[in-house]
Amino acid sequence: MKNKFKIKGLDCANCAAELERAIEKIDGVDEASISFMTERLIIECSEENKNEVMENVKKVIKKEEPDVTIEEI
Amino acid sequence: MKKRLYKIIISAVLFVIALLVMFPNIWINRIIYILSYLIVGFEILKKAVRNIKRGKVFDENFLMSVATIGAFAIGEFPEAVAVMLFYQIGEIFQDYAVDKSRKSISSLMDIRPDHANVLRDGKEEKVDPDNVKIGEIIIVKPGEKVPIDGVIEEGTSFVDTKALTGEPTPKKVCKDEEVLSGCINLDGILKIKVTKKYDDSTVSKILELVENASSKKSKSEKFITKFAKYYTPIVVIIAVALAIIPPLLINGATFSEWIYRALSFLVVSCPCALVISIPLSFFGGIGGASKNGILIKGSNYLEALASLETIVFDKTGTLTEGVFDVQKIEPVGLTKEELLEIAALAEWYSNHPIAKSIKKAYNKNAEEIKIKDVKEISGKGIIAKIEEAKVNNHEKQILVGNEKLMEENNISFEKSKEIGTILYIAIDGVFSGTILISDKIKDDSVKAIYLIKKNGIKQTIMLTGDKKEIAEHISKKIGIDKVHSELLPDGKTEKMEQLLKEKGENKKIAYVGDGINDAPVLALADIGIAMGALGSDSAIEASDIVIMTDEPSKINTAIKISKKTMKIVRENIVFAIFVKILILVLSALGIATLWAAVFADVGVSVIAIFNSLRMLSKKI
């Protein structure tokens, strides 16, 4: 199940890559991809634990890049 | 962005004053330097402090802060300001480039419709396209975008499909014809019966595809992020070692001298320019391709196109029109028109593709002529009687069909040597000529294959379910290297599996098809290219690249874009890494100054970024 988000407030492409790696490490995330160019975050995880995974994703974002906000599309 | 630009200008002016004017007290110069530094670098310092709290020591803000504060500490005031100032100038360029390419992609997103005029209870209502149900009637006025796919109920008009296909000439549409969302209605008012939900409409599919294109990353992008992951820590560690070890071990070496050298390392330790310029090139390449009516689903496919070795084509509908047309009429004892008329009348009530193509070639009405006793003999042809209007009470018996039909009815005829489907016609038991019907080769196909080969594709292969002679004839005409004919749909999949096994390492095979019955092959190939697939969901789903027009030569365009992108990517990687390493070596040896380091580093970023921006132009 692919979940798509608009991701705003990223400073640079390297920060995007680092955040991507951090999100990918979260339990339950099968694949994560951040495109700095299109400001898009795509997270693949199973439908059942989506809420739990997203909670953790938000925590990681808050820790890594406090200026970044995401919004589901 | 404007605010940042002003800060840079003010800071630069102060910097130049401090540099050129010799104030009586050196501390006045120094205070101006510090002022200039704070104006341009305060944000960076603030972010750096915040990042240390979170333990992110390899963050670019932190590194820049350490490098500049270090320069102040060893008394190199102008250098400290210059590093921060040029770093910010580089950032401005980077933001400009990113902004520009984002805008260029969003101009592509202009096809997104903002409303639909739906007809409810006889009244026109302006609603969100999402809220229109299948079967409802929508009204599209001149100048408006068609919001949802549908079939025209009423009205004729010209529609502009440029945003979808890159095709500049408007297309005429009339009642009962399908119109795709994303077209712009040019002159007439159209009433359209909605056939798909907005989410399943062409425009949604395309937008989704373009917006998510960059989620599938190429090897080059993965390489560069991996490189960045190790590059920064390594350079920083060397910098620390460089600042501490030589002064302790070498006689006469001073800390301030070696710290100065180490600071240069920190200046070039940020890989951001490299990390941005590579995806920027791919992003530009994908954007440039979509302006040409080629949708590429990910930068990995754009990258793979450059190492393409073999292209496998489906025949019908890809290289040929997929529509059967009368190619040749050879009458015996009557005129061509008469022969065509007789054949068309006999086939009048048939819906067979062959009958349709003959009626299309005839292009007249047959209402006044009585056609009776029509017998369709499956796999052979048609027998019919035609009452001729001019000669009373005479009925002609017509036979139209293949060789078997002629033989069964004991008609002596001459076998045709033409390639294609041949219809033999007999009137009242006498052989009267042949009509040759075959699929037409697309005008664009020959040119496409020529260009593709010229562009370095080693092998072109055609797969078809058609008869051997027809397949070979067509492939020769187009210039295809190899043909596999008389394949069942499963056979195409098997052939592709075999080709994939035989291919060389790191070489890619593409399959080009219309997706009608070859979706599995599209999915199987390294690169599946769906052609003329607009409106066909399964083809768009199964493929990696979607060509929105019917022209096979677009494949060549795609390969060219890919090669150009890859060239820029390689240039940027090699150039940037080379310059960085050069500076590292020169600064370690004490040859390069901090000035040189920051100039070179920002220069490389700016050059790499502008190099990437070249991909955004439509011309290839």
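Two residues are taken to be in contact if their C-beta atoms, placed from the backbone, lie within 7 Å. The views below show a predicted model.

**View 1. The contact between chain A and chain B.** Chain B contributes 18 residues to this contact, and chain A contributes 12 residues. On the side of chain B that touches chain A, the elements giving two or more residues are α4 (77-108), α7 (219-249) and α9 (272-291) of chain B. Of these, α9(B) gives the most, with six residues. Sorted by class, this side of chain B has nine nonpolar, five polar and four charged residues.

**View 2. The contact between domain 3 and domain 4 of chain B.** The domain assignment divides chain B into domain 1 (2-105 + 217-280 + 564-616), domain 2 (133-197), domain 3 (295-320 + 442-559) and domain 4 (322-440). Taken over C-alpha atoms, the centres of domain 3 of chain B and domain 4 of chain B are separated by 36 Å. Six residues from domain 3 of chain B and five residues from domain 4 of chain B make up the contact. On the domain 3 side, α11 (315-319) and α16 (468-478) of chain B are the elements that give two or more residues. The most come from α16(B), with three residues. The side of domain 3 of chain B that touches domain 4 of chain B has, by class, one nonpolar, four polar and one charged residues.

**View 3. The packing of helices α12 and α13 of chain B.** Two packed helices are described by the angle between their axes and the distance between the axes. Helix α12 (residues 336-346) of chain B packs against helix α13 (residues 353-362) of chain B at an angle of about 135 degrees, and their axes are 9 Å apart. The crossing of the helices α12(B) and α13(B) is left-handed. From α12(B), Leu340(B), Glu341(B), Ala343(B) and Ala344(B) meet Ile358(B), Lys359(B), Ala361(B) and Tyr362(B) of α13(B). By class, the contact of α12(B) with α13(B) has six nonpolar, no polar and two charged residues.

View 4. Helix α20 of chain B covers residues 553-588 and has 36 residues. From its first C-alpha to its last, α20 of chain B reaches 53 Å, close to the 52 Å expected at 1.5 Å a residue.

Methods: Residues are numbered from 1 along each chain as its sequence is written. Chains are lettered from A and ligands numbered from 1 in the order in which they are written. This is a predicted model: local features need pLDDT of at least 70, side-chain atom pairs count only at pLDDT 80 or more; totals for chains, interfaces and linings use all residues. Helices (H or I, at least four residues) and strands (E, at least two) are DSSP runs, numbered from the N terminus. Ala, Val, Leu, Ile, Met, Phe, Trp, Tyr, Cys and Pro count as nonpolar, Asp, Glu, Lys and Arg as charged, and the others, Gly among them, as polar. Domain bounds come from an automatic or database domain assignment. The expected span of a helix is 1.5 Å times one less than its number of residues. Axes are lines fitted to C-alpha atoms, for helices over the stretch in contact, and angles run from 0 to 180 degrees between N-to-C directions. A crossing is left-handed if the near helix is turned anticlockwise from the far one by less than a right angle, and right-handed if clockwise.
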